[in-house]
Amino acid sequence: MPELPEVETTRRGLVARVLDARIERAIVRNRALRWPVSTGLEAAIAGARIDAIERRAKYLLFACERRGHLLVHLGMSGRLWLVANDEPPAIHDHVDIVLATGFSIRLRDPRRFGAVLWLPAGAPVHPLLASLGPEPLTAAFDAPYLYRVLRGRSAAIKLVLMDSHVVAGVGNIYANEALFEARINPRTSASRLGPARCARLVEAVRTILARAIEAGGSSLRDYVAADGKLGSFQDTFNVYGRDGLPCVRCGAPVRAIWQGNRSTWYCVRCQRA
DNA sequence: ACGCCCTCCTGTTGGC
DNA sequence: TGCCAACAGGAGGGCG
């Protein structure tokens, strides 16, 4: 699924094309996503102007005038892009936001782990958003913060880094790549990272995410940007998916292990501890 | 509160 | 070629 860089790339592509556009109507072909798409969604957004498109963690938030926000999460297999209004839907094209510009924002999500929720203005902050950790590319995510949080966590650093309550938006690809960048073993207990390694990890997460956004994200299977273009960060993976290949830094083999039902890759020499 | 495991769903890939 | 198991970018929920 799209992680932070893919969602951010999607956001930027949409901002360039649909900001200030008027929503004519919504078409929901399948309401059975991660949570049911509310039956009131169509009426809630019909006729509204898209005033802003924001991102929090891996959530996209479309500001619909004073009415509220349309929240979209892409799950594991979601993509959100623009099609002409008369483009016929394919299987798994569950939602269209039909715009007055002649284009529609289309959501395709074969696995249906994604979400489309309506957040009315004035409602309390949605629980999904309320408990998120800081954005990794803001000043709130710094070494003292990370050190403070990790002290109380005995689980493996890779798993903690992927916990959105610790830091928002870091998924499997970028957790692997950031730990390589910071030369930290993914199995190391988070509580064993001192201030210096926390500082390195903060910088690594920022660097990797910024580079990935520059590259338009990573396209492995499903992901495309709002304009249909593929990302290219997958071409510069240092460890992700590189089981048995030589480390680009030292030549030692990259090893694959399992952590929490997810794949992890790391260099057996560069990331010894 | 935390750690660990399971779950939702479909498509693709690789081994036999 | 076909069948089947394993695996895939997420993350909430239940349990101990």
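Which residues line the largest cavity? In this predicted model, the lining is made up of F62, L70, V72, L80, V95, I97, I105, L107 and V116. By class, these lining residues come to 9 nonpolar, no polar and no charged. Three strands, β4 (68–73), β6 (93–99) and β7 (103–108), each contribute at least two residues to the lining of the largest cavity.

With a threshold of 30 Å³ or more, the structure holds 1 cavity. Rolling a probe the size of a water molecule over the atoms shows where empty space is left.

The next level to consider is the division of the chain. Chain A splits into domain 1, residues 4–130, and domain 2, residues 143–267. Between the C-alpha centres of domain 1 and domain 2 the distance is 28 Å. Domain 1 puts 19 residues into the contact, and domain 2 puts in 18 residues. The size of an interface is often given as the accessible area lost when the parts come together. For domain 1 and domain 2, the buried area is about 1600 Å², with 63% of it coming from carbon and sulfur atoms.

Strand β9 covers residues 254–259 and strand β10 covers residues 262–267; the two pair in the antiparallel sense, over 6 bridges. One of the residues involved is V254, whose bridge partner in β10 is C267. Together β9 and β10 form a hairpin, and 2 residues lie between the strands. In the turn, G260 has a positive phi of about 55°.

How values were computed
Residues numbered from 1 in each chain as written. Chains lettered and ligands numbered in written order. Predicted model: local features only at pLDDT ≥ 70, side-chain atom pairs only at ≥ 80, totals over all residues. Heavy atoms only, no water. 1 Å grid on protein atoms, 1.4 Å probe; cavity = no way out; pocket = protein on both sides within 12 Å on 5 of 7 lines; lining within 4 Å. Points joined across faces, edges and corners; volume = space filled by probe spheres on them. Helix = DSSP H or I, 4+ residues; strand = E, 2+ residues; numbered from the N terminus. Nonpolar A, V, L, I, M, F, W, Y, C, P; charged D, E, K, R; others polar. Pairing = 2+ DSSP bridges. Domains from an automatic or database assignment. Contact = heavy atoms within 4.5 Å. Buried area = accessible area lost by both parts, 1.4 Å probe.
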